[in-house]
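These are my notebook entries on one structure. I set down what I looked up, in the order in which I looked it up.

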Amino acid sequence: MVGRDTDTDRDEARNTEEPAGERQEGAADGASTDLTDRDAALVESLLDGSHRALARVISRIEDRSPGYRRIVSALHDHTGTADVIGITGSPGAGKSTLVDKLALALRDRGDTVGVVAVDPASPYTGGAVLGDRIRMASTVGDMDVFFRSMSARGQLGGLSMATADAVTALDAFGKDTILIETVGAGQSEIDVVRTADTVAVLVQPGAGDDVQTLKAGILEIGDVFVVNKFDREGAERTRAELDEMVHRREESAETTHPAGHHGPGAARVVEATDTSDDGSSTWTPPVVGTVAETGEGVDALLEAFDAHATALCDSGELAAARRHRHAAAIRTLIRADVGALASDSIAEHGGIDALAERVRRGETDPYTVAAEVVDPIERCVERATNRTSSETSQPDTESRRDCPSEKD
Amino acid sequence: MSVDTDERPVRCLVAKVGLDGHDRGAHVIARAFRDAGFEVVYSGLHRAPEEIVQAAVQEDVDVLGISILSGAHNTLVPKVIDGLEAYSALDDTLVIVGGIVPDDDEDALKAAGVAEVFGPGTPMSETVDFVRANLPERA
């Protein structure tokens, strides 16, 4: 987030020039870390376990409503305890049904569950029918399963951020396991599912071409592969194809796989958890067969998730992965803030239309205009960095509890 | 629709409650809402009142549209309303009912907290306009 010094400078810069138009939420929000009383109460009741407060916080996140950043930031302190699992796959692969059964299995072992299901929105009207909830039938009336449908709302790049923030809210609320469900098509969906620690990619049998398309993009992100509808024809073959692909992906696949595992749930979990001597993981994504409709193989899938979580921790990859994610989040936020500043500056320079018209009339060129617009921002940054260069703050080395052993 | 609008979309839950299996009306209204730019969560068939309440609370919807054609509205709808009340969610949820409801029952439902009842043949635009005009103010 933007530091206080920068804020002060920004305000000074603003005062010397024309008053800015309406401030954008992003930058305005960065000006203070204090919650309003109402938002503080909202955070308080979320932490107290109010489902309604949780639901409202997620709405605020989705809407990017004023103050939502401070809410997420206040919740951040209470996170880090949930296992986050992403589930993706082509339409009709059975994601929603599987999520339903996973939620049931997790509840059976005493875990509380959060689900974020992301569906696409119409690019024309912005409207959406969010149907993932239809399959949630196994955990009826159980408020310890918190299911939330989210629409993509055409937010470029912002969707993964909103999902991550919703996960933060669920984590802070105290959910043990959080499932993120989304259709596995397109970059934004991949970004969404990558906000999870463990990613499961769902395939249905006989999807020969499907498996081919998996090569592009999705194969790389799968930590666990699931052949759902395993009772259908061609299931074994699909699993074999996936197995082969996974092993081609893992060039260092020295592990041998015992033959003879057949039927749902026959996952190669045990040998997949090897950790080599140098501490780096040699995780080989297991391929698990499930029949989501009946719940067959779901326990084995949960075991595979657990095994992956353990492997991530043991190898130290979890820390690295989370660092990556936080870096991406910081970048996204800063880009939004700086973008808002730039918009202000454009307005101060007469608005984009006027600037474009000046270029059209040959009075100036786009490069000069861009330089002029960015100049006030640049000067602020320079002033701020000169002032604070002596007291550069180093990120403290305090480690965060990524792994269960460090949690408490 | 531009990428970043400040206006938040209307969120609504279209719910089928009880034993009636006729969901054509629910589908049609769900599509109409979607085309109006709303985000529509569809519950699926045969939901119990508690499920509807759970969904409405978790999804934090502005509008709850209950489609009911079985004639059991007098028992089921008040249960949903009581449930919303229990989560103090009734105040900022617009509850509407679609289906075949006799006039006397309609008055009773309205007294219980239903904002409007839409009978068969109501033009979709009428329902959409009603929702837009009566959206609960969010604190």
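**Entry 1. Chain B as a whole**

In what order do the elements of chain B run from the N terminus on? I noted first that the model is a predicted one. Reading from the N terminus, I found the order β-α-β-α-β-α-β-α-β-α. Chain B therefore has 5 helices and 5 strands. I then looked up its overall dimensions. The radius of gyration of chain B is 14 Å, close to the 14 Å that the globule rule gives for 139 residues, so chain B is as compact as a globular protein of that length. Its C-alpha trace spans about 45 × 35 × 25 Å along the principal axes. Of the 139 residues in chain B, 47% are buried. I also looked at contacts in chain B between residues at least 6 apart in sequence, and 73% of them join residues at least 24 apart.

**Entry 2**

Which strands make up the open sheet of 6 strands? I recorded the order β3(A)-β2(B)-β1(B)-β3(B)-β4(B)-β5(B), with parallel pairing. The edge strands are β3 of chain A and β5 (116-118) of chain B, each of which pairs on one side only. From one strand to the next, the twist averages 25°.

Strand β3(A) and strand β2 (residues 39-42) of chain B are joined in the parallel sense over 3 bridges, and A:A128 stands opposite B:E39.

**Entry 3. The contact between the chains**

How many residues does each chain bring to the contact? I found 28 residues from chain A and 29 residues from chain B. On the side of chain A, α4 (51-63), β3 (128-130) and β4 each supply at least two residues. The largest share of that side, 7 residues, comes from α4(A). The side of chain A that touches chain B divides into 11 nonpolar, 12 polar and 5 charged residues.

**Entry 4. Strand β4 of chain A**

Is strand β4 (residues 145-151) of chain A largely enclosed or open? I found that 7 of its 7 residues are buried, so β4(A) is largely enclosed by the rest of the structure. Both faces are covered, with A:V145, A:F147, A:S149 and A:S151 on one side and A:F146, A:R148 and A:M150 on the other. Strand β2 (residues 113-119) of chain A runs parallel to β4(A) and is joined to it by 7 bridges. In one of these, A:V116 has A:R148 as its partner.

**Entry 5. Buried residues and the core**

I looked up B:L94, which lies in strand β4 (residues 94-99) of chain B. B:L94 counts as buried because it has 20 C-beta neighbours inside 10 Å. Among the residues that B:L94 touches are B:D62, B:V63 and B:A115.

Lastly, I turned to the largest nonpolar core, which has 121 residues. Those that touch the most other members include A:V115, A:A169, B:C12 and B:V40. Helix α7 (residues 158-173) of chain A gives this core its largest share, 10 residues. B:C12 touches B:F33, B:F38 and B:V40, among others.

Note on methods. Residues are numbered from 1 along each chain as its sequence is written. Chains are lettered from A and ligands numbered from 1 in the order in which they are written. This is a predicted model: local features need pLDDT of at least 70, side-chain atom pairs count only at pLDDT 80 or more; totals for chains, interfaces and linings use all residues. A residue is buried if 20 or more other C-beta atoms lie within 10 Å of its own, exposed if 12 or fewer, and partly exposed in between; C-beta atoms are placed from the backbone. Helices (H or I, at least four residues) and strands (E, at least two) are DSSP runs, numbered from the N terminus. Two strands pair if DSSP finds at least two bridges between them. A nonpolar core is a set of buried Ala, Val, Leu, Ile, Met, Phe, Trp, Tyr and Cys residues joined through C-beta atoms within 7 Å. Two residues are in contact if their C-beta atoms, placed from the backbone, lie within 7 Å. Ala, Val, Leu, Ile, Met, Phe, Trp, Tyr, Cys and Pro count as nonpolar, Asp, Glu, Lys and Arg as charged, and the others, Gly among them, as polar. The radius of gyration is taken over C-alpha atoms; the globule rule is 2.2 Å times the number of residues to the power 0.38. Axes are lines fitted to C-alpha atoms, for helices over the stretch in contact, and angles run from 0 to 180 degrees between N-to-C directions. Lists of a residue's contacts leave out its neighbours within four places in sequence.
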